[in-house]
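These are my notebook entries on a structure that I am reading for the first time. I write down what I looked up, and in what order.

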Amino acid sequence: MTTARVAIVQFPGVNCEAESGRALRRAGLEAEVFRWTRPPGELRDYDAYLLPGGFSYQDRVRGGALAAKDPLVEVLAAEAERGKPVIGICNGAQVLVEAGLVPGSDAVELALAPNRMPDRSGYYARWVHVRIEPSPCVFTRHLEPGSVLPMPVAHGEGRFTSREPGRMAALGRAGQIPLRYAEPDGRVAEGFPSNPNGADEAAAAVCSPRGNVLALMPHPERAQDLGGLARAITGPWADRRDQALAAGEAGAEGPGMLLFRGLARHLED
Amino acid sequence: MAARRVSRLVAQAWIELKADDPEAVSALAVARANLPVGPSLRGLRRLRLVEIAGKLPARAKIEELLHQSTQFYNPHKERCAVRLAVDEPAPLRAGERAVLVVEREDARRSAAERWWRHETGEVVEVREGAAWAVTFDDGGADALMDLALVRGRRHGLLCNPHSQDCRVAGETVPLPWLGEAPPSVPRRRARPRATRSRE
């Protein structure tokens with residue numbers, strides 16, 4: 001059996017390609033950085049795609065806006081239409097939203113707007129909790145709905161929103177919000193800081209109707225090591241972290257790996 | 001009863017980098033390379049438009065206040081033109097059309113308002129948006145909106161209508177422009193059939 005190949009699509013200014021590649025390889029996948037300078041058609045040779053976090057094109061115009069116009073994204077859209085998995089993390093999520101790959105009609109139906117936070121504005125970084133929702137998302141559908149994962153967020157423009165009233169709620173009903181910001185006990189986050197950006201429907205991620213394209217604001221690749229979980233995290237994952245640290249196994253798999261394992265399982269199937 | 005006259009003014013500060021603006025350079029390059037409207041796009045500049053509304057001093061004092069604080073601009077790197085009346089020209093070049101893009105519900109600059117109050121004792125409202133100055137070889141309002149309003153991968157760049165408002169100026173740039181309501185974002189139009197498969 002050949003190992004599935006994942007292209008880590010790097011636009012200028014992206015900076016999370018190394019840790020994303022490490023997480024993919026830990027999940028048993030072959031990962032290769034695919035830079036914007038290569039011929040777009042070569043992207044077709046891969047089985048799945050990851051758009052990592054960072055600041056593509058220095059966030060000029062809007063986060064992800066310029067990369068979304070790149071010919072590489074046209075190829076990504078075509079391959080996604082064929083059913084190949086695509087995950088965009090943070091800035092990668094902004095690219096997918098600005099390109100209309102999420103929620104998936106090709107028209108741009110959403111924005112990742114500037115964070116809305118009380119008494120502050122701009123960039124915000126914090127560990128949050130996300131709750132798994134029932135969804136066809138290939139990255140999360142193997143996980144128990146209602147389970148809670150700690151992950152870090154770090155962004156200035158991460159608020160999923162739409163000018164069409166009810167659009168975000170409809171996406172939730174359709175299973176296209178596979179992850180919501182939550183309290184540690186699993187209740188959906190009602191406000192800041194558990195919902196760190198004011199996202200409509202507390203959406204931490206939005207996927208395509210078939211579930212193969214995922215735009216995700218938190219960083220699962222930064223939650224791949226149990227020992228890296230913040231001290232502020234409480235609950236079952238904190239217990240596992242403490243046990244791992246006591247056993248000298250800080251590099252044991254953390255909650256973020258579950259999404260990469262989900263991708264690997266989907267590609268195996 | 002006659003309405004009581006309120007001494008409320010609006011000042012516009014048009015602020016532009018003295019050097020080439022990287023944001024405008026990149027937007028122009030990407031639009032020319034990847035958007036159908038690109039080949040006819042001759043020029044694209046970006047200015048920050050700051051509007052101050054309230055009881056304001058004379059022009060010289062306004063200019064001095066703006067120059068004094070980086071809440072508004074950095075005079076070492078940027079130039080600033082103040083506009084106080086609608087019949088004063090905006091700093092646009094021949095053939096340029098102005099498009100304003102503003103974050104919905106997020107245009108107020110509270111830190112700048114606090115600074116102004118601290119310096120002058122007056123309560124003002126400060127808003128900020130991006131004014132894009134666009135020149136086409138040909139094409140009218142349709143081309144301008146096709147560049148401005150994001151609808152898909154091949155159409156629109158400057159404004160994502162799901163979080164931003166977009167306003168196109170006519171021959172005369174409105175004053176106020178940021179503070180005016182309601183926003184004039186056009187409804188989503190049907191995509192042209194000829195380009196639909198490329199989106």
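**Entry 1: a strand in chain B**

I began with strand β6 (residues 164-168) of chain B, where four of the five residues are buried, so the strand is largely enclosed by the rest of the structure. I take helices (H or I, at least four residues) and strands (E, at least two) as DSSP runs, numbered from the N terminus. A residue is buried here if 20 or more other C-beta atoms lie within 10 Å of its own, exposed if 12 or fewer, and partly exposed in between, with C-beta atoms placed from the backbone.

I note for myself that this is a predicted model, in which local features need pLDDT of at least 70 and side-chain atom pairs count only at pLDDT 80 or more, while totals for chains, interfaces and linings use all residues. Residues are numbered from 1 along each chain as its sequence is written, and chains are lettered from A and ligands numbered from 1 in the order in which they are written.

Which strand is joined to β6(B) by five bridges? I found strand β4 (residues 97-103) of chain B, which runs antiparallel to β6(B). Within β6(B), B:Asp165 is the bridge partner of B:Val102.

**Entry 2: chain B as a whole**

I then counted the elements of chain B and found five helices and six strands, which follow the pattern β-α-β-α-β-β-α-β-α-β-α when read along the sequence. Chain B has 199 residues, of which 38% count as buried. For contacts I use C-beta atoms, placed from the backbone, that lie within 7 Å. Of the contacts in chain B with a separation of 6 or more, 71% are between residues 24 or more positions apart.

**Entry 3: where the chains touch**

How many residues of chain B are in contact with chain A? I read off 20 residues of chain B, in contact with 24 residues of chain A. Helix α1 (residues 22-34) of chain B supplies the largest share of the chain B side, six residues. By class, that side has eight nonpolar, six polar and six charged residues, where Ala, Val, Leu, Ile, Met, Phe, Trp, Tyr, Cys and Pro count as nonpolar, Asp, Glu, Lys and Arg as charged, and the others, Gly among them, as polar.

**Entry 4: a sheet in chain A**

Is α3(A) mostly covered or mostly uncovered? I found it mostly covered, since eight of its eight residues are buried, among them A:Gln94, A:Leu96 and A:Glu98. These buried residues pack against β3, α2, β4, β5, β8 (157-161) and β11 of chain A. After α3(A) comes A:Gly100, with a positive phi near 80°.

**Entry 5: the nonpolar core**

The largest nonpolar core has 136 residues, and those with the most contacts inside it include A:Leu96, A:Val206, A:Leu216 and B:Val99. Such a core is a set of buried Ala, Val, Leu, Ile, Met, Phe, Trp, Tyr and Cys residues joined through C-beta atoms within 7 Å. Leaving aside neighbours within four places in sequence, A:Leu216 is in contact with residues including A:Ile87, A:Ala93, A:Leu179 and A:Ala205.

Most residues other than glycine have a negative phi, and most peptide bonds are trans. I noted A:Val61, not a glycine, with a positive phi of about 70°; it lies in the loop between β3 (48-51) and α2 (71-81) of chain A and is buried, with 27 other C-beta atoms within 10 Å. The peptide bond from A:Val102 to A:Pro103 is cis, with omega near 5°, and A:Pro103 is in the loop between α3 (91-98) and β5 (111-114) of chain A.

Technical notes
Contact = placed C-beta atoms within 7 Å. Pairing = 2+ DSSP bridges.
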